[in-house]
Amino acid sequence: MATTFDRTDPLGGLPPKHILEDGGYSPVFTDKLKLEEALGFCKTTLENNLKANINLVRVSAPLFVTRASGFNDNLNGTERPATFEPRDFPGTHLEVPFSLAKWKRWALHYYGIEAGKGLVTDFRGLRCDDDVDFTHSLYVDQFDWEKHIDSKDRNVEYLKETVKGIYKAFYDTEQAMKEKFGIEPVLPEEVHFATSDDMIKEYPHATPKERENILCKKHKAVFFIGIGGMK
């Protein structure tokens, strides 16, 4: 649910006060420069771990694409992209991407990335029509990755191995943050796998979200397989 902004409120967009107060939240860093250092260290460490664990190479992401290229992911088709027309290229319509979903697949071919290897990039975009609250922003800054998978590896076993590599990247990053900045980790050492079909059988009267909450409360880190049904 989007936050209704009071533009006169200097704390607009932060979590509601009752969440901050009831949760007993207090920032880990009061020094803003230290916070920036920690953020940079966290992003760099996570990226390096992802590259090592699931065989990725870093590439640069486009800040804008031409409308004619078809690279922009139009999401549900109603959002307006941030657009501009360069002075020296009249008639050329450029758009800030919503996501790199289409571009990443093209990039695998462009860079000639062989099966078993992939790419990772730091995507930055704008979403003018997003519902803005304390978990959503008009500005997007996120890791994006894509991998060239051989047809023989399109199976549950390969999926699980990939998930384990990704999860280990997060786990090891959290451990590194603890060692360098003293932030207590919360992730368990291993991720738990569960299928949606098995969860329905075990908790037939719970909603999908309730089933997720039940398993996450029990195992702390869960990967759900087969959302929408197993074939």
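**Rings.** I searched the whole structure and got eight aromatic pairs. For the record, rings of Phe, Tyr and Trp (its six-membered ring) pair if their centres lie within 6.5 Å; planes under 30 degrees apart count as stacked, over 60 as edge-to-face and the rest as tilted.

I looked up Phe64 and Phe84: the centres are 5.4 Å apart and the planes sit at 85°, so I note this pair as edge-to-face. Phe64 is in the loop between strand 1 (56-58) and strand 2 (65-66), and Phe84 is in strand 3 (residues 83-84), so the pair ties together parts 20 residues apart in sequence. Helices (H or I, at least four residues) and strands (E, at least two) are DSSP runs, numbered from the N terminus.

My cut-offs: buried is under 20% relative accessible area, exposed is over 50%, partly exposed is in between (1.4 Å probe, protein chains only).

Next I took Phe71 and Trp106, whose ring centres are 5.2 Å apart with planes at 55°, so this pair is tilted. Phe71 lies in the loop between strand 2 and strand 3 and Trp106 in helix 3 (residues 101-110), so the pair ties together parts 35 residues apart in sequence. Trp106 is partly exposed, at 33%. Ring pairs also join Phe71, Trp103, Trp106, Tyr110 and Tyr111 into a cluster.

**Caveats.** I'm working from a predicted model, where local features need pLDDT of at least 70 and side-chain atom pairs count only at pLDDT 80 or more, while totals for chains, interfaces and linings use all residues. Residues are numbered from 1 along each chain as its sequence is written, and side-chain values use heavy atoms, leaving out hydrogens and water.

**Lys147.** I found Lys147 in strand 6 (residues 139-147). Lys147 is buried but has no salt bridge (a side-chain nitrogen of Lys or Arg within 4 Å of a carboxyl oxygen of Asp or Glu). What is the nearest side chain of opposite charge? Asp153, 7.8 Å away. Lys and Arg count as positive, Asp and Glu as negative; His and the chain ends are not counted.

The Lys147 side chain does reach the backbone oxygen of Ile54, at 2.9 Å. I also noted a 3.3 Å polar contact between the side chains of Lys147 and Tyr158 (a pair of N or O atoms within 3.5 Å; within protein, one must be able to donate a hydrogen and the other to accept it, and residues adjacent in sequence count only if both atoms are side-chain atoms).
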